[in-house]
Amino acid sequence: MSSATSAPRPAQARLRLASRDGRLVPSPRRGRLLAAHTERWLHGVWTAATDSRPPPGVALAAVGGLARRDAGPTSDLDLVLLHDGESLDDGALAALAERLWYPVWDAGFPLDHSVRTPAQCREIAETDVAATVGLLDLRLVAGDGRVVETTKARLLSRWRFGVRGWLGQLETDLYERGRRSGDAAHLLEPDLRESRGGLRDVLVLRALTATWLADRPHAPVDRAYARLLDARDALQVVSGRRGARLVQADQQAVAALLGLGSADEALRSVSDAARTISHALDATLRRARQAVTPPARRRTRGPSVRLLGYGVAEADGEVVLGRGARPDADPVLPLRVAAAAA
């Protein structure tokens, strides 16, 4: 057995790398450390699995947090064995997959794995919007980089080409996920990944940006995303669990690891970040919808404005101040705006 596969539980080493002296290692350095540690180990597994003679047209690729280099200390490894469909027959491909996946399991890594060709990845882009959002982060770990680049280029092309068809499904998926997991800005125990305004919403924002339909706010969203990553990683360190629900029993320990004074401060930081992300997603989705509106429906004389109340109007799905509205001279105006928005 090779040294790569006999190393003592490398999955547990990620927990030690994430924090030092009772504090979380700062982001983004923490994400790079964890990714480098995991990828070095995976390179060893790949070398052993291929007997140092990797076949052409075959590669080990990452999606998810490992691909973005922001995976948490107990996060799953999302790996794809990509192949061109010609270099290896089915038996040899299955044997290679076993030599890759079993050492990962034995090392203690939670693993989400698949074996696909570029064409099969593109089929996913035509049927599963949520899975496609994750595949857009595809990145080479080891092997033939050409098959990874080909796959990613085809995915991006299909993602952009099919935008009119999938935008409605994307909004439906967002609504259903928000209904199940709630709004992170208003929960006492938010799910940092799945709740509205959570980490998964930032991935949707990036996917929308990749269509070239609409850009997103960058600096505020990136700062909010980093804060949620810090909270998630602190939670995983103190709990040792893979989940991302910030339950009350863990909030004080998470706050301490983040250098905050109390559980309330940690929850307030999460709430503020979630609001920033949620607002950015709403605005970016609205612009994307406007961009795909059929030409026959486009307004030629500017946006339609509908009066909602004195000093408050609606324009293209957004509540705005009416002409002549003066918040400094009308103290009740913010309340009317909030009521109209609700």
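**Entry 1: a salt bridge across the chain**

I looked up R196 and D282 and found that their side chains meet in a salt bridge, 2.2 Å from N to O. I noted the cut-off: a side-chain nitrogen of Lys or Arg within 4 Å of a carboxyl oxygen of Asp or Glu. The pair links distant parts of the chain, 86 residues apart, with R196 in the loop between α9 (163-181) and α10 (199-210) and D282 in helix α13 (residues 263-291). Helices here are DSSP runs (H or I, at least four residues), numbered from the N terminus. D282 is partly exposed, because its relative accessible area is 35%; buried means under 20%, exposed over 50%, and partly exposed in between (1.4 Å probe, protein chains only).

I wrote down that this is a predicted model, in which local features need pLDDT of at least 70 and side-chain atom pairs count only at pLDDT 80 or more, while totals for chains, interfaces and linings use all residues. Residues are numbered from 1 along each chain as its sequence is written, and side-chain values use heavy atoms, with hydrogens and water left out.

**Entry 2: other salt bridges**

I found 19 salt bridges in the structure. In one of them, R193 and E194 meet at 3.5 Å, N to O. E194 counts as buried because its relative accessibility is 18%, and R193 counts as partly exposed because its value is 30%.

I then looked at R232 and D233, whose side chains meet at 2.7 Å, N to O. Both R232 and D233 are buried. Salt bridges with shared partners join R30, D230, R232 and D233 into one network.

**Entry 3: α2 and α3**

I looked up how helix α2 (residues 10-18) packs with helix α3 (residues 29-49): the angle is about 160° and the axes are 10 Å apart. Axes are lines fitted to C-alpha atoms over the stretch in contact, and angles run from 0 to 180 degrees between N-to-C directions. α2 and α3 are therefore roughly antiparallel, a label for angles over 145 degrees. The contact (heavy atoms within 4.5 Å) takes in P10, A13, R14, L17 and A18 of α2, and R30, L33, L34, H37, T38 and W41 of α3.

**Entry 4: α10 and α11**

I found that α10 and helix α11 (residues 219-239) pack at about 145°, with their axes 10 Å apart. On the α10 side, the contact is made by L199, V202, L203, L205 and R206. On the α11 side, I listed V221, Y225, L228, L229 and R232.

How values were computed
Helix = DSSP H or I, 4+ residues; strand = E, 2+ residues; numbered from the N terminus. Parallel < 35°, antiparallel > 145°, perpendicular 65-115°, else oblique.
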